[in-house]
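Thanks for coming, everyone. Please look at the screen, and we'll walk through cavities first, then contacts.

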Amino acid sequence: MPLLRKDLLGTRELSPQEATLILDTADNFSEVGRRQIKKVPTLRGKTIINLFFEASTRTRTSFEIAAKRLSADSINISASTSSVVKGETLLDTARNLQAMDPDAIVIRHSSSGAPHMIAKVVDASVINAGDGANEHPTQGLLDALTIRQKKGGFAGLKVAIIGDVLHSRVARSNAHLLSKLGSHVWLAGPRTLMPFGFEKLISDAEGSVRFAGSMDEALDAADVVMMLRIQLERQSGGFFPSLKEYSIHFGLNRRRLERAKKDVIVLHPGPVNRGVEIDSDVADGPFSLILDQVNNGVAVRMAVLYLLAGGE
Amino acid sequence: MTNLLIKSGHLVDPSQNIDGIKDILVRDGRISEIGDSLSADDTEVFDASGLIIAPGFVDLHVHLREPGQEYKETIESGARAALAGGFTSICCMPNTQPVNDNAAVTSYIVERASTAGLARVYPIGAITAGSRGEALAEIGEMKRAGIVALSDDGRAVADTNLMRRAMEYARDFDLPVVDHCQDSCATGGVMHEGDYSALLGLKGMPALAEDIQVARDIMLAELTGARVHIAHISSARSLDLVREAKARSLPVTCEITPHHFTLTDEEVHRREYDTNTKMAPPLRSRTHVEAMIDGLRDGTIDAIATDHAPHHANEKMLEFDRAAFGIVGLETALSLSVDRLLHAGVVNITRLVDLLSCGPARVFRLKAGTLSKGSLADITIFDPNAEITIDATKFKSKSRNTPFDGWKLKGLVSSVFVGGRQRLKE
């Protein structure tokens, strides 16, 4: 059964049923990575373009491996090699790519809404691989898959998302998705990095999204702790005084993690700033599922590519 | 010049407290007589029965892009768009290339407008040289060349000391100072800071940025005695500040655009980052829009102005954060005002005409906004009940950047006379 939509632009517009379908499909595909021959013919003859306007190692590699394991032909275009530097507009780039009849375009862009814009003008399925501070739906889905594997489900879980929520597409995709699936999401971090108002818009969810009064409040009895990467340039932007101070007040260490449940799991979308938002002994410790997330990323992206581009 | 007799229309002229069926006789481009069952020899007769006759509309805030960006709009195309929208007088902002910060540019605009011979065009001069916010422009010289107000629109004068000097100086030249109120805390923002900017991951422009600057300007108006006009007001708190200033009889006025009383920031979400929802000030949240409606109802707001901001499609078909700010407004203002204010019961017909015509004329002290005997025969005739569908492809403006394309509204401009000459015929 394919998804009844052309594009995956965000978790915001996914129904819980659609999200569950993607996760179930990903579960099935995760076995492919453990085979001797890591390839299925599912998307043979399909063309997938990875259009990356921002640097990315993990996400791009993950999409590329996912496409290859499905036997699709995948092409990578990065901003430095694309015609963007020659002054071509995003819409023109998209139309030109469309003229080559791809089945899916995976796009990462620094502007929120860029994938929505190209989705309106191309026939190919558009998959958002991160747009500005808006969404990163496959990251949300792979986080959800990781949580489901350990916790069995989402209902009633307390999920703490800590750090630069304001600029984080990962936080947004997770907040939408996990609350929709029944978890209670608590956001925390320095007040300068909290967008206000956003919890009010999540009304159709089984679960909830709220801002915690403090990091400790978010951590108290949490089932899942998700640390966000802090961008170095936020310091010069005046959002917090120094990385040292950030790490003391908003970093996750072993002592702080004791506030969470005994069977807490710790997630991080990567790349990790060790010693800033998370201490190495937590990142590498027994609660950390950071590498499971990366592993699940391939399966989730296989599922999304299959469900969107796999139709006849 | 032939004479004109406009028969049987519903004349609404708040400047003379007229609201009823009247005939209007125009001689030599001026209003000669208003009365019942007028007749005159040797006149063209215009039957206005079933229509509203109003003093020609006045737009205090348009961008005509000439000189410098004629691919977006010219003085001629803008003046033609004005007539299509019922505006017989428009005031154009100085952010052209070069900036209208000296008498030569002012004269050029006046000259081009005169050659076009369409709507009357009144230039607004820059407050500071190049609108760079560093030193005063040649205000006296521009006044002599024809400017009617001062503004660094689009770039608020951040330096309070300079703004104080500008107001002190402007006062002696009897020029209102118009401010696009936007403090630095909105810098880099692309939409209203609120629920939807958080949801969409777009950088917000807080209402606070407007409020801080409005508060400062009101205090400066009080200190200097200069007339201060707040451009495109959009924040509830700013409106309260203006209301309070007026209660204290300070020389403070304000205008609102049709989009700021029609649309909310939810539109950016609903239309998935449609760049025709991007403007400065940004579309605000519902609370703010409701406050604007109150301000229109209670008289705090003096004028409806369009902030007509033409942009080429290439400047709008971009990522949201890279696209140009602004929308065209001249050709949709009447319909939006009639539909959203008159038919919605926010204002009556007298107040509507006041907002579009007399009010703005008062703010800049223009020879407009009245059909009293002897005044210029600038007349707009419209049908408030005609149903229309906005079609951007039919715009007289060179640009099509509107969020209202395809909207079905009530209110149609049927005829426009400038100096007694019919310039628009539906």
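The largest cavity is lined by 14 residues. Cys181(B), Gln182(B), Glu210(B), Pro281(B) and Arg284(B) lie nearest its centre. A quick word on terms. On a 1 Å grid over the protein atoms alone, a cavity is a set of points where a 1.4 Å probe fits but cannot get out, and lining residues have an atom within 4 Å of a point.

One caution: this is a predicted model, where local features need pLDDT of at least 70 and side-chain atom pairs count only at pLDDT 80 or more, while totals for chains, interfaces and linings use all residues. Residues are numbered from 1 along each chain as written, chains are lettered from A and ligands numbered from 1 in the order written, and side-chain values use heavy atoms, leaving out hydrogens and water.

Back to the largest cavity. Its space is about 80 Å³, a volume being the space filled by probe spheres set on grid points joined across faces, edges and corners. The lining has 9 nonpolar, 3 polar and 2 charged residues. Here Ala, Val, Leu, Ile, Met, Phe, Trp, Tyr, Cys and Pro count as nonpolar, Asp, Glu, Lys and Arg as charged, and the others, Gly among them, as polar.

How many cavities of 30 Å³ or more are there in the whole structure? The search finds 2. Among the residues lining the second largest cavity are Pro258(B), His259(B), Thr306(B) and Phe404(B). By class, that lining has 5 nonpolar, 4 polar and no charged residues.

Now the domains. Chain B divides into domain 1 (3–52 + 376–425) and domain 2 (56–364), with bounds from an automatic or database domain assignment. In the contact, domain 1 of chain B gives 38 residues and domain 2 of chain B gives 49, where contact means heavy atoms within 4.5 Å.

These two domains of chain B bury about 3,400 Å² between them, 65% of it on carbon and sulfur atoms. Buried area is the accessible area (1.4 Å probe) that two parts lose on being put together, summed over both. Lys398(B), Asn401(B) and Pro403(B) supply 19% of what domain 1 of chain B buries against domain 2 of chain B, more than any other three residues.

The rule finds 1 salt bridge across that domain interface. A salt bridge is a side-chain nitrogen of Lys or Arg within 4 Å of a carboxyl oxygen of Asp or Glu. Arg120(B) and Asp378(B) form a salt bridge at 2.6 Å, N to O.

Last, the chains. 26 residues of chain A touch 18 of chain B. Chains A and B bury about 1,700 Å² between them, 58% of it on carbon and sulfur atoms. Salt bridges between chain A and chain B: 0.

Conventions: 1 Å grid on protein atoms, 1.4 Å probe; cavity = no way out; pocket = protein on both sides within 12 Å on 5 of 7 lines; lining within 4 Å.
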